[in-house]
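Student: I would like to go through this structure step by step. Please show it first.

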Amino acid sequence: EEESGGRAAKAARKEQDGGSSGPAAGEGGGGAGPPALHRVESRMLSREEEVEATRETLLSPKVSGGRPDGVQSWLHHRLARRRSAERKARAAVADEATAGAVSDAASVSDLSEVNLSDYPDAEEGELPDEGEVAPPSVAESAEGLCGSDSPPILVLCHTNHALDQFLEGILAFEPRVVRVGGRSQSEALKEHNLAERLRVRKEERAGSRKTLLGNVHAHLKGSRERLSAAAKQSHRTWGGGLLSGLLLRGQRSFRGALAAALERLPEEGMAAWLGLPPAGEASLESVLAQPQMGPAATEACCDEADRAAYSGGGPAAAMESVPLVDRWALYNSLRAGAQTRAQAELVAALESYRLAAAAEQALEEAEALAVLRGAAVVGMTTT
């Protein structure tokens with residue numbers, strides 16, 4: 001409206017003046033006046049016409065937009081555009097020594113002194129015309145910034161008290177607030193805490209998701225029990241005590257009647273088979289100092305024990321068929337194999353537990369992330 005009004009006023013002014021600019025120029029030098037001065041005069045006339053058109057626009061009911069600060073905000077917007085145009089005009093004519101005339105013309109555009117009380121007929125209720133949008137309110141700005149497709153705004157504070165105050169103020173116009181951390185003292189933010197949101201979300205889970213989480217928790221519990229058992233077995237096999245026959249089983253070359261007989265021996269029975277006294281720690285060191293029996297020798301020892309057992313002597317004959325020195329070497333070989341298997345089981349159990357714990361943590365973080373993504377504002381302290 002302002003631009004069309006300015007063009008109409010400019011055309012009317014040209015018709016009224018007629019060809020007056022021609023004779024005036026002829027008087028000065030017999031021809032047209034200086035081009036730069038002619039352009040400056042045109043700008044001065046345009047500025048006056050624009051100011052008048054702007055004053056008429058203030059009487060329009062489309063300026064205020066239904067808000068008390070609508071006209072003032074609209075005026076500040078227009079002034080910013082005017083001053084930008086003025087700066088460009090000054091730069092364009094500075095080389096032609098006409099900056100003074102432009103400065104005089106620029107003083108006409110100071111619309112900040114317009115008193116709205118001088119225009120009592122200005123009405124409210126409509127937005128500015130096309131191309132002139134009034135500034136939004138605080139709630140409208142928050143709604144635009146915190147749309148459904150927008151990421152949440154992060155509010156960081158050094159203290160919990162300051163964070164509570166910020167978030168309580170935001171709750172006045174935006175209910176989608178999530179507070180991270182459990183040290184809030186605000187009752188208004190209690191239901192907006194992340195832990196509370198997760199608790200409510202847990203109660204509202206679908207059946208399939210409950211089953212998935214139940215399976216993950218069960219797997220984590222089994223992995224924890226397996227890790228605990230592997231740690232105990234590793235501690236026992238790598239310790240300095242005598243091992244029972246049950247811990248020595250598992251070596252491939254150790255089989256047959258001898259393996260079945262030794263698996264039933266407790267620590268005391270193993271000490272008797274090795275020829276050690278009940279409290280023979282010093283004697284155990286001498287046993288451990290013996291070299292280990294190789295796989296081929298172990299198989300030959302087991303074959304001899306099988307012949308003794310199957311000839312009618314039974315398990316006792318199988319155990320007695322092994323010489324004392326070979327018993328020590330066989331025990332060292334079985335003990336080293338038990339240590340290797342215990343170490344491998346401990347590593348496997350630890351890896352299984354790590355995977356189960358990572359799966360559980362990933363599900364929990366996915367739920368927390370879903371809650372945070374659904375929020376418009378997320379608040380937390382710097383710690």
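Student: How many salt bridges does the structure hold?
Tutor: This is a predicted model. Side chains of opposite charge can pair when their charged atoms come close. In this structure, the number of salt bridges is 8.

Student: How far apart are the closest N and O atoms in the salt bridge of D164 with R179?
Tutor: D164 lies in helix α7, residues 160-170, and R179 lies in strand β2, so the pair ties together parts that are 15 residues apart in sequence. A salt bridge needs a side-chain nitrogen of Lys or Arg within 4 Å of a carboxyl oxygen of Asp or Glu. For D164 and R179, the closest N and O atoms are 2.9 Å apart.

Student: Is D164 buried or exposed?
Tutor: Buried means under 20% relative accessible area. D164 has 7% relative accessibility, so D164 counts as buried.

Student: What is the relative accessibility of R179, the partner of D164?
Tutor: R179 also falls under the 20% cut-off. R179 counts as buried because its relative accessibility is 0%.

Student: In which helix do E196 and R199 lie?
Tutor: E196 forms a salt bridge with R199, with the closest N and O atoms 2.5 Å apart. E196 counts as partly exposed at 25% relative accessibility, and R199 counts as partly exposed at 39%. The two residues are 3 apart, about one turn of the helix, and both lie in α8.

Student: Which residue in β3 is the bridge partner of V178?
Tutor: β2 pairs with strand β3, residues 377-381, in the parallel sense over 3 bridges. In β3, the bridge partner of V178 is V378.

Student: What is the relative accessible area of E367?
Tutor: E367 lies in helix α15, residues 324-373. Leaving aside neighbours within four places in sequence, E367 is in contact with residues including R201, R205 and R209. E367 is buried, and its relative accessible area is 5%.

Methods. Residues are numbered from 1 along each chain as its sequence is written. This is a predicted model: local features need pLDDT of at least 70, side-chain atom pairs count only at pLDDT 80 or more; totals for chains, interfaces and linings use all residues. Side-chain values use heavy atoms; hydrogens and water are left out. Two strands pair if DSSP finds at least two bridges between them. Helices (H or I, at least four residues) and strands (E, at least two) are DSSP runs, numbered from the N terminus. Buried means under 20% relative accessible area, exposed over 50%, partly exposed in between (1.4 Å probe, protein chains only). Contact means heavy atoms within 4.5 Å.
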